[in-house]
Amino acid sequence: MGEGTIQIKDLVKVYKDGFTAVNGVSLKVNKGECYAFLGPNGAGKSTAVKILTTLSEPTSGIVQVGGFDVKTEPDKVRWEIGVVLQETGLDKELTGREILEYQARLFHMTRRMAKERATHLLEMVGLENEGERQIKKYSGGMRRRLDLAVTLVHEPAILFLDEPTTGLDPLNRKAMWNEIRRLNKKEGVTVFLTTQYLEEADQLADYISIINEGKIVASGTPEELKDSIGADLITFEFKDEEAAGKAAWLLGKSGKIDYQKGNIVTVSIQEADRQVVQLLKDLSGEQIEVARLDVSSPTLDDVFIRVTAEEEKE
Amino acid sequence: MNRIQAFMIHTWILTKRSLIVLIRNPFTFIPNLFISLFFLLVYTGGLSGIAQLPQFGGADYLSFILPVSIVSAAVGGAGGAGQSLVRDLESGYFARLLQTPVTRLAIVLGPTIAGMLQLIVQTLIILGIAFLLGLKVEAGPGGVLVILLLTVGWGLAFAGYSVAIALKTKNAQAAQAGTLIFFPLIFLSTTFVPLELIEAPWLRAAAIINPTTYLFESMRAVLIDGWVMGPVISGFAVIGAVCIVTVAFSVRSATRAFKRE
């Protein structure tokens, strides 16, 4: 019924020392969606993941993962989820193959199934030649990949990733992104990830919530969030100042002139990527030649900075 | 698969894992075993003469000191259970296990069973060497079984303690420091001479309240005197009582460690 879904209603988490880590979060993740929790350190992301993955109990509110309540049916939730935490969870004395086989056996697979599953997963994360080596001899990137493989042993319907690429070099980060994307898009695994990196959320997520001080302060698709900060910018370069003057007058009808100096005109406009074609037609209709142009959209960084700045003002 | 089958599989897998890690790191148990054998050889060689004293009642000093060697070796195996849990806590494997439907008890039981198996093997090695040195067990093969059972009992008591410390402190140094309790336990006792020969009143008092004394005495009974039931029964009773205390302590720590914040 609720397979592959996450539902949170009015989640509050107050720690024993009185610190409120999560303060009234509600959200819904559909099956097969990639949902990102974006926020700075200490925003409450990890606490939320701990609650969703049955490591911590909610103080109040309802949390359902895969259709099961994390408070009353944690063991059923555990069959549905795979979790990659910030720190890998590997016994480094074991070999890659051993830890995968043990994990499979702990999920009640037969010895033969466990063996096959381990072989398959080692290949999947590109460690087929390293399976017989002890994990302590692995590099950081290899450990992360193995950690992901261990998480996938029981083919979870929902995958939680807590800052999956923190501390990874750009190459390994790209590889991790591709793997997450493949699991999400090709295998239909629901993904819930937390990140501090706007680029990561933008690259992977269908839906983003920005969390700050335990509260969701903004949410939407990456495009919606970017739209919320305002229009895109198109910068035109013309052959001389005269052409620029004529163009500015014409462009001013469609958008707002943001900047004009010399042969450069910048216009602020909604949905620039669509509008730019029409604008070019208008300009050529008036025999104005465009030498160069650049379309830029607000980045999630802009959204993030604005939203968190607003929080501070309050 | 029902709960009991699941529990059996989980415990077996995690025990197997602990044994593999143990075998891969022989230096976690070799020094301890070496020291214990060293005790046996050096004390037998150096102190045998005092067994001439009437208080020894004609006992062979090898038989007298053997329980000390066995018990000190057992500390290694039993303490390993706690060390292994600390290692898991530090590596994050513990958290990983908690996110799976693994029976919580199996997480603690795996390393404990592995520690007990290690301890049995060590005891058999020490006994084997003692036999080569001319050991005679007055109570026969049944006596050897009594010694093994008492050792496992003592090991379980110590494992319970080490697991409790590990889960309570979640810190390798603290768990390591916790094993130091083995010094007063082994040496404030009838370690080298019978109670009648201990002169300092404080050491005598310490020996009387130290549970290890009753363990030594019951092992010595089967080794030297044969089936003298008094000391054997009090040995099992004391070890049983200590086991109950430390295992309860470890269950309490484990419940806290497993309880979700």
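Student: Which side chain of chain B meets that of A:Glu98 in a salt bridge?

Tutor: The model is predicted, so that local features need pLDDT of at least 70 and side-chain atom pairs pLDDT 80 or more, whereas totals for chains, interfaces and linings use all residues; side-chain values use heavy atoms, without hydrogens and water. Residues are numbered from 1 along each chain as its sequence is written, with chains lettered from A and ligands numbered from 1 in the order in which they are written. A salt bridge requires a side-chain nitrogen of Lys or Arg within 4 Å of a carboxyl oxygen of Asp or Glu. At 2.7 Å, N to O, the partner of A:Glu98 is B:Arg24.

Student: How many salt bridges does the rule find across the interface of chain A and chain B?

Tutor: Over all chains the count comes to 19 salt bridges. Across the interface of chain A and chain B, the rule finds four.

Student: Where in chain B does the partner of A:Asp91 lie?

Tutor: A:Asp91 forms a salt bridge with B:Arg87, with the closest N and O atoms 3.2 Å apart. The pair crosses between chains: A:Asp91 is in the loop between strand 6 (81-84) and helix 3 of chain A, and B:Arg87 is in helix 3 (residues 61-91) of chain B.

Student: Which helix of chain A supplies the largest share of the side that touches chain B?

Tutor: Between the two chains, 13 residue pairs are in polar contact, both at pLDDT 80 or more (N or O atoms within 3.5 Å; within protein, one able to donate a hydrogen and the other to accept it, and sequence neighbours counting only if both atoms are side-chain atoms). Helix 2 (74-80), helix 3 (96-106) and helix 5 (140-151) of chain A each supply at least two residues of that side (helices are DSSP runs of H or I, at least four residues, and strands are E runs of at least two, numbered from the N terminus). The largest share, six residues, comes from helix 3.

Student: What area is buried between chain A and chain B?

Tutor: The contact (heavy atoms within 4.5 Å) takes 36 residues from chain A and 29 from chain B. Buried area is the accessible area (1.4 Å probe) lost on putting two parts together, summed over both. Carbon and sulfur atoms give 52% of the buried area, which is about 2,900 Å².

Student: How many helices does chain B have?

Tutor: The C-alpha trace of chain B spans about 60 × 35 × 30 Å along its principal axes. Chain B has zero strands, and its helices number 11.
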